[in-house]
Amino acid sequence: MIISNRENDVQESSESVKTMNYFIEGLQGSGKSTLAGKLSALHPEYTAIREGDYSPVELAWCAYLSESQYAEILAQYHDLRSEIMEQTFSEGDKRIVCYTKIRTDNTAFYQNMESHEIYNNRVSYEKFKEIVLSRFRAWWEDGMIFECSLFQNIVEDLILFRCASDEEIINFYRQIREALVSREYRIFYLKTDNIKGNIDIIRKERSDQQGNELWFPAMLGYFNESPYAKANGISGEAALIGHFLHRQRLELRICEEVFQGRYAVLPSKNYTDGDWK
């Protein structure tokens with residue numbers, strides 16, 4: 001069943017389409033990349049933002065650096081200077097480096113850059129909120145298609161590393177909605193009824209040619225070592241699936257309670273083109 005909650009469930013005029021933006025959300029393996037591709041094909045004039053790309057609202061897989069930190073990175077990795085500069089974007093006195101776009105055999109480079117991300121408790125809670133909200137407020141360009149830029153990384157950080165309650169997270173998203181008050185946007189949420197099945201598919205897809213799993217061991221370690229898992233004395237695949245179930249329920253609640261009139265829920269991998277066009 002498609003759950004639609006739009007303020008104006010009518011055909012948008014060509015003028016309003018130009019000012020529309022789309023957030024594609026859902027759990028890992030729910031089909032976000034596929035839907036983003038379909039939306040991009042329907043709106044070739046739009047800019048599609050995937051994880052790791054430079055985004056005005058999302059900082060996943062991006063180092064968030066001061067000018068002095070950036071200068072130190074350029075000096076430390078002088079052999080990658082041109083590549084780093086090519087993937088650097090300036091926002092005020094900050095430098096954002098999309099480091100996963102840089103190719104090198106130096107694994108220490110990626111570990112160093114990852115340490116400058118804002119997620120996983122790497123900055124204080126107040127600083128985290130300030131960065132997230134200020135970037136949502138500063139975003140001005142329309143005609144964007146965002147893949148997992150509104151929920152996934154923020155909610156994972158708040159649950160697993162800040163141990164925030166559902167109410168605290170919902171209140172934070174009320175502030176995000178206020179930050180987006182001048183923007184036109186729609187949220188497509190891909191809801192799955194088979195979380196384990198989706199995870200099993202990803203495990204096979206994200207393995208090397210010898211069948212060795214790459215994604216799942218990292219994901220499981222990320223979960224097991226989180227403050228949330230340790231505080232609750234949980235670990236393992238079943239606990240991870242339970243976390244994903246909680247996250248999906250919470251994200252759907254955020255849609256319903258915070259983003260009224262802005263979202264539609266689609267059954268993961270079981271919708272027709274007419275459901276989202």
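I took helices (H or I, at least four residues) and strands (E, at least two) as DSSP runs, numbered from the N terminus. The model is predicted, so I noted that local features need pLDDT of at least 70, side-chain atom pairs count only at pLDDT 80 or more, and totals for chains, interfaces and linings use all residues. Residues are numbered from 1 along each chain as its sequence is written, and side-chain values use heavy atoms, with hydrogens and water left out.

Overall fold. I found 13 helices and nine strands in the protein.

Largest pocket. I took a pocket, on a 1 Å grid over the protein atoms alone, as an open set of points where a 1.4 Å probe fits, with protein on both sides within 12 Å along at least five of seven lines, and lining residues as those with an atom within 4 Å of a point. The lining has 35 residues, and E51, W61, Q152, R206 and W215 lie nearest the pocket's centre. At least two lining residues come from each of α2 (32-42), α5 (107-114), α7 (152-161), α9 (195-205) and α10 (215-224).

Helix pair. I then followed α10 to α12 (residues 237-258), where the axes, lines fitted to C-alpha atoms over the stretch in contact, come within 10 Å and cross at roughly 75°. The two helices, α10 and α12, are therefore roughly perpendicular (65 to 115 degrees) to each other. In contact (heavy atoms within 4.5 Å), F216, M219, L220 and F223 of α10 meet E237, A239, L240, H243 and F244 of α12.

Terms used
Axes fitted to C-alpha atoms, helices over the stretch in contact; angles between N-to-C directions. Parallel < 35°, antiparallel > 145°, perpendicular 65-115°, else oblique.
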